[in-house]
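Biologist: I am new to this structure and would like to learn how to read it. Could we take the features in turn?

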Protein chains: 2
Amino acid sequence: MSTPGRGLHGHVLDTLGPAITAGEYPPGSVLRTDELAQRFDVSRSVMREAVRVLESMHLVESRRRVGVTVRPKAEWNVYDPQVIRWRLAGADRPGQLRSLTVLRSAIEPVAAGLAARHATAEQCAELTECALGMVANSRGHRLEGYLVHDMAFHRIILTASGNEMFARLGDVVAEVLAGRTHHEVMFEDPDPAAVTLHVQVAEAVREGDAARAEELTREITVGALQELDILAP
Amino acid sequence: MSTPGRGLHGHVLDTLGPAITAGEYPPGSVLRTDELAQRFDVSRSVMREAVRVLESMHLVESRRRVGVTVRPKAEWNVYDPQVIRWRLAGADRPGQLRSLTVLRSAIEPVAAGLAARHATAEQCAELTECALGMVANSRGHRLEGYLVHDMAFHRIILTASGNEMFARLGDVVAEVLAGRTHHEVMFEDPDPAAVTLHVQVAEAVREGDAARAEELTREITVGALQELDILAP
DNA sequence: GTGACAAATAAGTCTGACTTTTTGAAGGTG
DNA sequence: CACCTTCAAAAAGTCAGACTTATTTGTCAC
């Protein structure tokens, strides 16, 4: 997805970040910069830089004479891609996946509606191409090929919406889709109904039918919710 | 909203962050740590910590032998509360406000639907109280009192949804609502129809009527979109 | 033109000394 | 006993300087 641990402070983050988001240090836990620096065998300067980054993510708070205290989960910057990645990699994975899928179910239909209004001809073409790619890989256990086109499809929708906040969720959605294929249960070929829906969404966007694009995308996300047993009784 | 510039590195961020998000340094611009340290009259250590934070927000990228280069806007962590605050405080304000309002229009209806299912009795009570507070302050230019209850109302909806990602948007929504009252055109008393809608949403949530809560909230957000001339033709 | 090599550059790292804020305890006073 | 003041310790914060390393760029020979 993106930045692997660059530099010493990056390596420290790759260890400390996951540990904190995994709840290894409960909220209120106090760490000391010097001790951490010793533990990771880095200088205080490097350790301080790492702490500053964790602080900017609202994972910890650094106070004089007290130390570096872990903040309660409710205060974390849960939209930070790095935080999302750490949580997806840890024990929190199922919960994080559910949160993100609910988020998708809210965002993507609206994004599709906007895409139907704002998408360029090129984006429409790419979208159709992706949908066709999904169809082509929808049978015969070609899950990887399917996934690539699925991720591209949703990324284009989010980008074509013209809303920068939606566009920035492209990576997150890709992560969720990849997770479904690689980690969750996805042994069989994808649901034919879902594939058809994607083709229809591409059609609706091409034709500028915002209401239909929104409604069809809503059906797709409802399917995603059902896969995780997040029902609407 | 939150953390004012704590420590020297915080002060540097309070100046550099807004400057970058305002586009004062176009994408690709190269800064040098040493020069910045001189300019802000701080040590290199402090400057490095500030750069690390900007880097974690994906505003800049630090590379050896090159310097600190400003990244294109499309890569910024636009969900970072600090980045949102910086942009709301700068020339980007109108665009940021539009982005956030569209985001609200996607999130809040879904959140209200979930709140109707998950809200505790206490949350329902608080919600009703807020709605009544809005009614009580809806006439006679009591804009500040109205705003306080409006912000609380939407925060409760987002929290009661039970989704952590929704909950974390409470601050952002509050910021948007406050902006509307303080900076944008909002001289007259609020629209009576909007006030009624809030009361009805509180009712629907209390009664556990998810579909109605969602639909009513959608009407509220449509109103917010119309205020900014973001139409659905 | 191409490839290898050397120099320059700016970030990265480490260390040690010093400052500042905060807290908790000790001790004095009503 | 309660309350306030004072003081000392603890940990983060800051700074300055020396050194390392990766990367780019330019040069020279082939």
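Biologist: How are chain B and chain A related?

Modeller: In general, two copies of a chain are related by a rotation about an axis and a shift along it. Here a rotation of 180 degrees with 0.0 Å of shift along its axis places chain B on chain A, at an RMSD of 0.0 Å. The two copies are thus related as by a two-fold rotation axis. The superposition is by least squares on the C-alpha atoms of residues with pLDDT of at least 70 in both copies.

Modeller: This is a predicted model, where local features need pLDDT of at least 70 and side-chain atom pairs count only at pLDDT 80 or more, while totals for chains, interfaces and linings use all residues. Residues are numbered from 1 along each chain as its sequence is written, chains are lettered from A and ligands numbered from 1 in the order in which they are written, and side-chain values use heavy atoms, without hydrogens and water.

Biologist: Through which surface do the copies meet?

Modeller: They meet through the same surface, because 100% of the interface residues of chain B are also interface residues in chain A. Contact here means heavy atoms within 4.5 Å.

Biologist: How many salt bridges does the structure hold?

Modeller: Side chains of opposite charge can pair when their charged atoms come close. A salt bridge is a side-chain nitrogen of Lys or Arg within 4 Å of a carboxyl oxygen of Asp or Glu. Over all chains there are 32.

Biologist: Which residue forms a salt bridge with Glu55(B)?

Modeller: Its partner is Arg6(A), with the closest N and O atoms 3.3 Å apart. This pair crosses between chains, from helix H3 (residues 44-56) of chain B to the segment before helix H1 (7-21) of chain A. Helices (H or I, at least four residues) and strands (E, at least two) are DSSP runs, numbered from the N terminus.

Biologist: Is Glu55(B) buried or exposed?

Modeller: Glu55(B) counts as buried, at 13% relative accessibility, whereas Arg6(A) is partly exposed at 36%. Buried means under 20% relative accessible area, exposed over 50%, and partly exposed in between (1.4 Å probe, protein chains only). Both residues also belong to a network of salt bridges that includes Glu49(A) and Arg48(B).

Biologist: What does Glu49(B) pair with?

Modeller: Glu49(B) forms a salt bridge with Arg48(A), the closest N and O atoms being 3.0 Å apart. Glu49(B) lies in helix H3 of chain B and Arg48(A) in helix H3 (residues 44-56) of chain A, so this pair joins two chains. Glu49(B) is buried at 5% relative accessible area, and Arg48(A) is partly exposed at 37%.

Biologist: How many bridges join strand E2 of chain B to E3(B)?

Modeller: Two strands pair if DSSP finds at least two bridges between them. Four bridges join E2 (residues 60-63) of chain B to E3(B), and the two run antiparallel. Val60(B) stands opposite Val70(B) in E3(B). Three residues lie between the strands of this hairpin, in which Arg65(B) takes a positive phi near 70 degrees.

Biologist: Which residues come nearest to DNA strand C?

Modeller: Of the 21 residues around DNA strand C, those nearest are Leu8(A), Arg44(A), Arg63(A), Thr33(B) and Arg48(B). A residue is near the strand if one of its heavy atoms lies within 4 Å of it. H3(A) gives the most to the surface near DNA strand C, with three residues.
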